[in-house]
Amino acid sequence: MKINPNTLDAYNLLHEGTLAFADAEQVGFRVDVEYVERKKKFLTKKILHLEDKFKDSKLYKHWEHSTTNKINIHSHEQLSHFLYKVKKIKIEKRTATEKGSTDNDALSQMNIPELDILIRAQKLKKVRDTYLEAFAKEQVNGVIHPFFNLHLPRSFRSSSNSPNFQNVPIRDEESKLLTRKALFPRKDHQFLELDYSGLEVRIAACYHKDPNMLKYIRDGYDFHADMTKEIFMINDFDKSIPEHKVLRDATKNGFVFPEFYGSYYKNCAIGLACEWGKLGQGKWREGEGISMPEGTLADHFINNNITSLKKFENHLREIEKSFWEDRFSHYARWKERWWNLYKKKGYVDLFTGFRCSGVMGKNDVINYPIQGAAFHCLLWSFIQLNKIFKEGKWKSRLIGQIHDSILIDLHPSELKRAIKLIKRVTCVDLKEAWSWINVPLDVDIELSPIDGSWADKEKYYLAN
DNA sequence: GGAACTCGCCAC
DNA sequence: AAACGTGGCGAGTTCC
């Protein structure tokens, strides 16, 4: 399969985008090298301690006696053999090659306390070896220059490497602090991050024009909350209750987005129940799962007569049915039309002048045009802002981008002007340049204190 | 000693 | 009929 610029505008977008990214790469951002070294040592100590603790356990002794080979406790292959062949634990989750999985969820489900030590050690190793180590390795005179690529992703999004700027932890608080506290703007500057809210959902709506979806977007209504109420059977949903917020995140990332990307109720049910809800695969027992305002998730489900994964699956099947047949029927019909169009012509075109052709599956045909065009909106904004900053001799600079957000190394004196400019370029100028955008666009803005780290960014509320 | 593969995990 | 889209990267392992 291939995706090519099919118009001069499309070509120019990539050309100018590449040049704008080169500007950002040149600036880069500062790494607190001393902090990185300190935290690496700190983590090494912690990891060693956890490893010792694990090796003192009964489980490890058993493992030792079961083999004559030298054991590496971080080898998933060896661990898999021990758990599934020696201890004969029933395989609940399999890898892509059908072998017994040893990922976090699989290990958690076994309810073996020693494995929690291993999970914890693996998490700290990830932070140390993937992020802190990369920052230390890639920095030159205390500055890293992550690359941004436009020629690699099939969907015509972007990628980043050396180091990868686009996957620094943010959801897990501990990992977030350990990594992002190492990254700073230039001296006396601060980070400003702008984020298109719901960009892909909005760009999808430009293709399918589903009236219900357009209404949700135009009214700024929280439809993830609606879905949360349905899936978890909560009538008094309140986003400010932490437990409810967790369920909303689960709904958004474990049902709504997967459904948009082409997943279906069975996979969503497993993900929601096991990975998000921390429930088992079979019948649920009281006291199981993440906590709710009253009791646990299993308690809540059992009260509502959903007593097992199987029953939850049926529940989700009904929700999926109404999701596509009632709530977003126009969206569903567009998917079919779009797929048929591809089968007839052998290609589909993006709004932005790119063409996808060659062998694609149904999900690809539906996803690439949406993801690609959504990213092109970000790219267009990136190019314009970069141009204005440079030509206007601003002290601020664009330094990075993560698909629907842009990171700016801001000089504090330019804050007000910058925000005004950002709002205009991203939400007004873009729509004027590309008339196919028939939905309102909106950006959220986050700001870190002057000389604050990337971990210190906070939502910025415009004073009226 | 390096390429290629698998698995796992981080982001959107 | 099929069944979550896009990446980068580290560790372990096997093959050449």
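**DNA surface**

I began with the elements: α4 (76-86), α6 (113-138), β5 (159-161), α11 (242-261) and α16 (362-391) each supply at least two residues of the surface near DNA strand C. Near means a residue heavy atom within 4 Å of the strand; helices (H or I, at least four residues) and strands (E, at least two) are DSSP runs, numbered from the N terminus. The largest share, 5 residues, comes from α16.

This is a predicted model, where local features need pLDDT of at least 70, side-chain atom pairs count only at pLDDT 80 or more, and totals for chains, interfaces and linings use all residues. Residues are numbered from 1 along each chain as written, chains are lettered from A and ligands numbered from 1 in written order, and side-chain values use heavy atoms, without hydrogens and water.

I found 30 residues around DNA strand C, the closest being N72, S75, R154, N267 and Y368. Sugar and phosphate make up 72% of the atoms of DNA strand C that come within 4 Å of the protein.

Next I checked polar contacts (pairs of N or O atoms within 3.5 Å). A polar side-chain atom of N267 is 2.6 Å from a phosphate oxygen of DNA strand C. For N367, a polar side-chain atom lies 3.1 Å from a sugar or linking oxygen of DNA strand C.

**Helix α14**

Which residues of α14 are buried? I got L309, F312, E313, H315, L316, I319, E320, F323, W324 and R327; buried is under 20% relative accessible area, exposed over 50% (1.4 Å probe, protein chains only). The face of α14 turned away from its buried side carries exposed K310 and D326.

Key: Polar contact = N/O pair within 3.5 Å; in protein donor to acceptor, adjacent residues only side chain to side chain.
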